[in-house]
Structure formats: C-alpha cells, structure tokens
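Subject: Structure handover

Hello,

Here is the structure I promised to pass on. Please open it first, then read my notes below.

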Amino acid sequence: MSRDRKVLIFGGLALAAFGMFYGLHYALFVEHQTLDQLGGSLATAFVSAAERKLPESRAALDRYAAIRYDYVRQVDVHSHWIGLAMLMIVFGAAFDRVAFSGSIKFWIALALTIGAIVFPLGVILQSVSHGSALASALAILGSGLVIMALAATALGFARQGAPGGA
Amino acid sequence: MATKAVSSPMIAGFPAMSAQRLLVFGGVALIAGGMIFGEIFAVFVLHQNGGKTGEALLAATKAVTAQNPEAVKQAFVSIGGLLEDRGTKVDTHVHMTDAGYLALLLALVQSSVALSAPRKRFLAKLFLLGGTLLPIGIFLIHYVGLAYSPFPVIGWASILADSAGALLIVVLTAEVWGLWRHFRGQPEAVASMSHVGTAAAGCPAERSSADPAPTWEERALLGGGTVLVLLGFLYGAWYAGKNLYEQEARERNILSFMLDAAVKTPDLSGQFVNSYGMLAAERAVQIAAHSHIIEFGLLAMLLSFVQRYVFLNAVWKRRWVVLLLLGSLILPVFVWLELKVGLVAGGIADVGGLLVVIALIGMLAGMLRYSGSVDALRGAQP
C-alpha cells in the first residue's frame with residue numbers, strides 16, 4: 001500500500017475513533033448539563049422579565065448566547081471530525097485512481113489529514129477562548145487545506161477519466 | 001433486467017455470511033433506513049414542531065407581559081420538550097445514516113484486516129448491532145425520559161444509546177488493530193488473505209494492475225461524489241464566514257427586542273417571535289443544505305466501491321447512478337431554496353430525497369441478486 005493511502009486510512013481511522021471518544025465523553029459528561037444550562041438561562045431571562053427585573057433578564061440572555069456559542073461549536077467538532085475521518089478513509093480506498101504522481105498524492109493526503117485535524121481543533125478552541133484570533137486562524141487554515149485537497153483530488157479523479165489520463 | 005455471468009474472483013471477494021457481505025448489506029440498509037426516517041421526519045414532524053415551538057414562545061412572551069412567571073416556566077417546559085423531540089429525531093436520522101457509512105467503510109478495508117474470518121464476522125455483527133441500537137436509543141430518549149433511571153440527568157434510553165456508541169468504538173478499535181497487524185505483516189494476515197483468495201473484486205483497498213478498469217458507474221459516483229463534497233465544503237466555508245456569527249448576534253438581538261416588547265409594547269411581541277422563527281428556519285435550511293450535500297457526496301463515493309456487486313445490466317446500473325446523483329443535488333439545493341421559494345421547494349427537496357432512497361433500494365436489490373447468484377454458483381461447484 002502506498003504511503004498516501006496509509007496516511008489517509010490510518011489517519012482517518014484514528015480520527016474517527018478520536019471523534020467518537022470525544023462524542024461519547026461529550027454525551028456522557030457535558031451535553032445534558034449544557035442543554036440544561038442553555039434552556040435554564042433562556043427561561044431565566046423570560047422569568048426575570050416577567051418579574052420586571054430587566055438587568056437580571058439581560059444577564060441571563062447574555063449567558064444563553066455564550067452557552068449557545070459553545071454548544072454549537074462543541075457539536076460541530078464531533079460531526080466534522082468523524083465526517084472528515086470517513087472522507088479520508090474513502091479517499092484512502094480510492095486514491096490509486098487519482099491521476100497524479102506519488103509525491104503529489106502524498107502531499108494531497110497530508111494536506112487533507114492536517115486540515116481534518118486542525119479545522120475542528122480551531123473550531124473547538126473558539127469555545128475555549130471566545131473571539132480568539134489563533135483559533136479562528138486555525139479553523140480557516142484547516143478548512144482551506146481540506147478544500148484545496150478536495151479540489152486536487154477531484155481534479156485527479158477527472159484526469160483519470162480523461163483521454164490520456166492515468 | 002438482463003444479467004451477466006459472475007466471475008470466480010468476485011465469488012472469492014464476497015463469500016456468503018462474510019464480514020464484508022454483512023457490512024455491505026447492513027450498511028446500505030442502515031443508510032436507506034436513516035434516509036426514510038429523515039423523509040418521514042421532514043414531512044410529518046419538522047414543520048409542525050416548528051409551529052408548536054413558535055406558539056409556545058408566543059405564550060411565554062404573553063406571560064411576560066402579564067407578569068406571570070409561573071406561566072413563563074410552563075411555556076419553557078413545553079419548548080424544552082419540543083426541542084428535545086426535534087433534536088432526538090434529527091440525531092436518530094444522522095446517527096443511523098452515519099453508522100451505515102461506517103459499515104460500508106469497514107467493508108472496504110475488510111480484506112486488509114488481519115483477523116480470522118470468524119472474528120471479523122463477529123465484529124461485523126457487533127458493529128451492525130451497535131449501529132442499529134444507537135439510533136433506536138436516541139429515538140427513545142424523548143419518550144422514555146428519566147423513568148426508573150438511577151441517574152439524575154441520564155435516562156435508560158440515553159444509557160442504551162451510549163452503550164451502543166461504546167460498542168461501535170470497541171469494534172472500530174479492533175478493526176484498527178487488525179489493520180495494524182496486516183501492515184506489520186503478522187502471519188495471521190497472510191492466512192487471512194489466502195482464506196479470502198485474491199484481491200476482492202471491487203475493493204480498491206486491494207486493487208492491483210490486474211484489476212479491470214473502473215466502470216462508468218464507478219467513475220461517475222467517485223467523481224460526482226467528490227464534487228458534491230467539495231461543493232458542500234465551499235458552501236460551509238461561505239456559511240461560516242458570512243452567516244454563522246451574524247445569525248448568533250441576530251438571535252441575541254431578537255430575543256432582547258422580544259423581551260423589551262413584551263414588557264413595554266406587547267403588540268410588537270408577535271413580530272419578534274415570527275422573526276425568531278424565521279431565523280431558526282434560515283439556520284436550519286442552511287446547515288441542512290451543507291450537511292446533506294456532503295453526506296450524499298460520501299454516499300456516492302462509497303457506493304462506487306460496491307458497483308461490481310450490483311447484479312443488474314449496465315442500463316439499470318446507470319439509471320440508479322444517475323438517479324442517486326440527481327437526487328443528491330436536488331435535495332440540498334431545494335432545501336436551501338425553501339426560504340426563498342417556499343414550501344414548493346421543500347416538496348421538491350423531499351422528492352430529491354426519495355430519488356436517493358429509490359436508487360439505494362435499486363442498488364441493494366442488485367446486490368441481493370448478485371449474492372444469490374454467487375451462492376448458487378458456489379453451491380454448484382464441487
């Protein structure tokens with residue numbers, strides 16, 4: 001098996017297992033509590049408004065927005081890690097049909113693997129530090145790598161089907 | 001539908017009750033089941049649930065106006081129940097189809113898993129058990145709740161779902177271990193491979209220069225699938241850059257205006273509840289378009305690997321491929337258009353989903369015919 005396929009298949013399996021562990025940990029220890037806090041803070045905002053305690057109401061609304069910001073990213077990380085891992089394994093199985101040289105295919109595989117790790121990592125770091133430039137930069141860099149690797153792979157598949165392709 | 005002869009390498013690559021066959025059939029069945037569930041949810045639950053949530057939110061704002069905190073709490077209990085109902089059904093759909101994708105992925109790498117055939121078969125059965133119980137557990141969370149649970153926040157249905165998820169992790173870990181042994185050149189790997197025979201037909205993990213060239217169906221699904229995934233990622237990047245933060249800020253503002261209106265100008269509360277509902281719908285269709293186009297792209301790529309097990313003539317195989325790619329494009333595009341065009345677009349999106357389900361069932365029927373032919377030939381051999 002070529003090294004590009006090894007990178008994709010082993011990287012993909014490891015990332016899928018990691019994503020599942022993260023999801024299991026999140027479901028067991030974080031999600032229920034987060035959802036309770038999410039619903040509780042929104043309800044508190046409304047109850048405080050009904051009691052005409054408007055500063056408390058606004059504070060609860062701010063809390064709701066912050067928890068929701070984290071919740072969206074925590075769930076996104078789980079689905080993106082596993083989704084990207086599956087994509088890597090599928091490409092690993094079909095990468096011999098990409099009509100590029102071995103070294104180019106290796107760099108494409110490496111870019112996809114790094115992107116698949118870094119992009120969700122940047123997203124989850126955004127929930128650790130709201131508005132962090134480093135986290136956003138990681139997410140943008142990771143998603144850029146994934147998109148470039150995908151475009152290159154699509155081109156490689158197209159070259160294979162074309163006359164004169166591999 | 002005319003058929004063609006089944007070559008002996010294909011028999012070697014798809015033996016009866018092998019892990020590969022279990023995972024292919026189980027995977028396609030899980031994906032088809034998850035998609036049918038998603039269609040039923042979209043038609044019969046999604047919009048009705050959204051309407052009830054809006055009514056409950058309006059009741060909460062009226063309770064704020066009436067300075068009645070108890071009524072607010074009741075409205076939020078109702079909203080919580082509606083959100084849980086919706087969320088668990090979405091998760092059921094997602095986890096059932098994703099378990100199907102993983103099953104197909106595992107089928108692809110089975111010939112490189114250096115474990116004995118009975119162990120691989122056992123792992124395949126465990127995976128399919130986990131993949132079936134996980135969505136069932138998630139579906140039941142809303143209905144079982146915390147009844148008879150020894151834990152304060154986790155009910156029996158959650159325990160079932162989490163246990164099934166843990167089972168999937170155990171199987172995946174064992175498969176990775178088998179792959180590791182294969183690439184380390186363990187003796188059992190060689191034995192396992194010789195048991196299976198030569199390269200499994202249609203399994204690119206074991207492709208060699210002697211394998212036949214990819215067929216039109218395989219190339220269309222692989223290339224089309226990659227383009228769909230690429231489109232999905234480009235759209236996701238655009239969504240994250242343009243809409244994600246704006247929608248989060250807008251949600252915060254709408255809720256703030258809604259509460260201000262409930263206290264000071266109650267007549268305007270309804271407008272803000274409508275705005276909140278529109279924002280929720282906008283967010284839902286944009287995320288659904290992103291996730292569905294990527295999932296269908298992955299599905300198309302996965303199905304390219306099992307085309308040689310689809311025992312139908314070329315015309316029918318192409319029809320199912322075209323139908324699948326067409327539906328894979330129609331569904332996300334018209335889901336995205338739903339807010340701009342209205343419910344007609346939603347109906348067309350549902351038809352797109354139906355096309356994918358029909359194509360999947362058509363391919364599954366072809367694979368069942370293939371395995372039946374293989375088993376008949378195997379039985380006829382001395």
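This is a predicted model: local features need pLDDT of at least 70, side-chain atom pairs count only at pLDDT 80 or more; totals for chains, interfaces and linings use all residues.

Residues are numbered from 1 along each chain as its sequence is written, while chains are lettered from A and ligands numbered from 1 in the order in which they are written.

Confidence. pLDDT is the predictor's confidence in each residue, from 0 to 100. Chain A averages 90, and 96% of its residues score at least 70. Helices here are DSSP runs (H or I, at least four residues), numbered from the N terminus.

Between the chains. Contact means that two C-beta atoms, placed from the backbone, lie within 7 Å. By that rule, 53 residues of chain B touch 45 residues of chain A. H7(B) gives the most to chain B's side, with 17 residues. That side has 38 nonpolar, eight polar and seven charged residues. Nonpolar means Ala, Val, Leu, Ile, Met, Phe, Trp, Tyr, Cys and Pro; charged means Asp, Glu, Lys and Arg; the others, Gly among them, are polar.

Within chain B. The domain assignment (automatic or from a database) gives domain 1 (10–212) and domain 2 (215–374). Their C-alpha centres lie 19 Å apart. In chain B, 32 residues of domain 1 are in contact with 33 of domain 2. H2(B) gives the most to the domain 1 side, with 20 residues.

Best wishes

Definitions and conventions. Helices (H or I, at least four residues) and strands (E, at least two) are DSSP runs, numbered from the N terminus.
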